[in-house]
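Reader: I'd like to go through this model with you piece by piece. Could we begin once the sequence and structure are up?

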Amino acid sequence: MLSRTADHLFWMARYIERAENTARMLDVHVQNSMVPQPVEVAERGWRALLSISELLEAFDHKYGLLSRRDVLDFMVRDPDNPSSILACIEQARENARAVRGTLTTEVWETQNATWLELKEKLSSGVLEQDPAQFFEWVKFRSHLARGVIQGTMLRDEAWNFLQLGASLERADNTARILDVKFHGASDKQISDPLRIPRDFYYWAALLRSVSGFEIYRKVYRDVITPERVAELLMLHPDMPRSLLACMDDVMFQLSEIRNDVSADTERFAGRLHAQLKFSRIEEILDSGLHTTLTEFLENIYELGNRISRDFLVPLA
């Protein structure tokens, strides 16, 4: 497969996944903002969201003062923010358009329809009236895109690059969704049993945002605790959005597309995979959950660069 074609497929999948996960992160914070809390606590949460998404500096430069409305506008439809939902869905469509001959008709039409419907949604005012409904729509369109890819694409290298992009982006975003809560807080504060009752609604919202609430109940059959949420989203191999499940798929896809220069990249991914596979949540908490997630995000970024170097169009 040509590197340029692989590049378009890889980034098409990443942008689809990024739009969905941005919607998931925002959904958590919108739900959490409905729980009574001091103004400074709510503002700190929104700032943590921007910070962990590496958007705080750009937001402050454009808006100055922070408000929920401006954060939503910036992360949903600001064309100057390359990680906004609008920008991600547009880029997913453009990458799909560039390789229409490689995709099935159903995959292209689904992505094109998502872009057209998004413009209608944003002009209708649904984001201001019912943001939860809008975020559910974004998640639904992402589910639909993945379903069409799974149901109509030949299992060849094109499919491998689509899966690789989606799993890599999902791992990155699951880590960010989880780290938003822990960003700036000590592990002692996180483990404080006095915080658990008042944090219950946040953890429930977080689990629902990653389609994990029912899974948590099936796995643990007990009260929601931060430690178990972290364990489920990081180390559980059967949780579809967990870091370990994502890395399982990354390893498989790399083995399918390996070439003469990708051995070092596979070894790098293998070390990252092994760290998750053979870790225990108690060890992670002892070393610091925020520190572990930060290191994971740095490694995922490096892995993405290595994949680009070995398989895709070289970075300028």
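Predicted model: local features only at pLDDT ≥ 70, side-chain atom pairs only at ≥ 80, totals over all residues.

Reader: Is F74 buried or exposed?

Author: F74 is buried, since its relative accessible area is 3%, and anything under 20% is placed in that class.

Reader: Moving to α1, how many residues has it, and how far does it reach?

Author: Helix α1 takes in residues 3-33, which makes 31 residues, and from the first C-alpha to the last it reaches 44 Å, close to the 45 Å expected at 1.5 Å a residue. The helix is also mostly covered, with 26 of the 31 residues of α1 buried.

Reader: What else does R241 form a salt bridge with?

Author: R241 also forms a salt bridge with E20, where the closest N and O atoms are 3.5 Å apart. This pair again links distant parts of the chain, with R241 in the loop between α13 and α14 and E20 in helix α1, 221 residues apart. Both R241 and E20 are buried.

Reader: Which residues are linked with these in a network of salt bridges?

Author: The network of salt bridges links E17, E20, R24, R146, R170 and R241. For the whole structure, the search finds 27 salt bridges.

Reader: Now pockets. What is the volume of the second largest pocket, and which residues lie nearest its centre?

Author: The second largest pocket has a volume of about 530 Å³. Its lining has 21 residues, and those nearest the centre are R14, R18, D172, R176 and Y301.

Reader: Which helix gives the most to that lining?

Author: That is α17, which gives six residues to the lining of the second largest pocket. At least two residues of this lining come from each of α1, α9 (157-182) and α17 (289-311).

Reader: How do the lining residues divide between nonpolar, polar and charged?

Author: The lining of the second largest pocket divides into eight nonpolar, seven polar and six charged residues.

Reader: You named R176 and D172 there; how do their side chains meet?

Author: They meet in a salt bridge, with an N to O distance of 2.7 Å. R176 and D172 are both in helix α9, four residues apart, which is about one turn of the helix, and both of them are buried.

Reader: Switching to cysteines, how many disulfides does the count come to?

Author: The count comes to zero disulfides.

Reader: Why is C88 too far from another cysteine for a bond?

Author: The closest cysteine sulfur to that of C88 is in C246, and because the two are 17 Å apart, they are too far for a bond, the cut-off for a disulfide being 2.5 Å. C88 counts as buried at 0% relative accessibility, and C246 counts as buried at 3%.

Reader: Last topic, the backbone: what is phi of S211, and what is phi of R221?

Author: Phi of S211 is near 55 degrees, and phi of R221 is near 50 degrees, each a positive value in a residue other than glycine. In general, most residues other than glycine have a negative phi.

Reader: Where are S211 and R221 found?

Author: S211 is in the loop between α11 (196-209) and α12 (213-220), whereas R221 is in the loop between α12 and α13 (226-235). S211 counts as partly exposed because its relative accessibility is 42%, while R221, at 71%, counts as exposed.

Notes:
Residues numbered from 1 in each chain as written. Heavy atoms only, no water. Buried < 20%, exposed > 50% of the residue type's maximum accessible area, 1.4 Å probe, protein only. Expected span 1.5 Å × (residues − 1). 1 Å grid on protein atoms, 1.4 Å probe; cavity = no way out; pocket = protein on both sides within 12 Å on 5 of 7 lines; lining within 4 Å. Points joined across faces, edges and corners; volume = space filled by probe spheres on them. Nonpolar A, V, L, I, M, F, W, Y, C, P; charged D, E, K, R; others polar. Salt bridge = Lys/Arg side-chain N within 4 Å of Asp/Glu carboxyl O.
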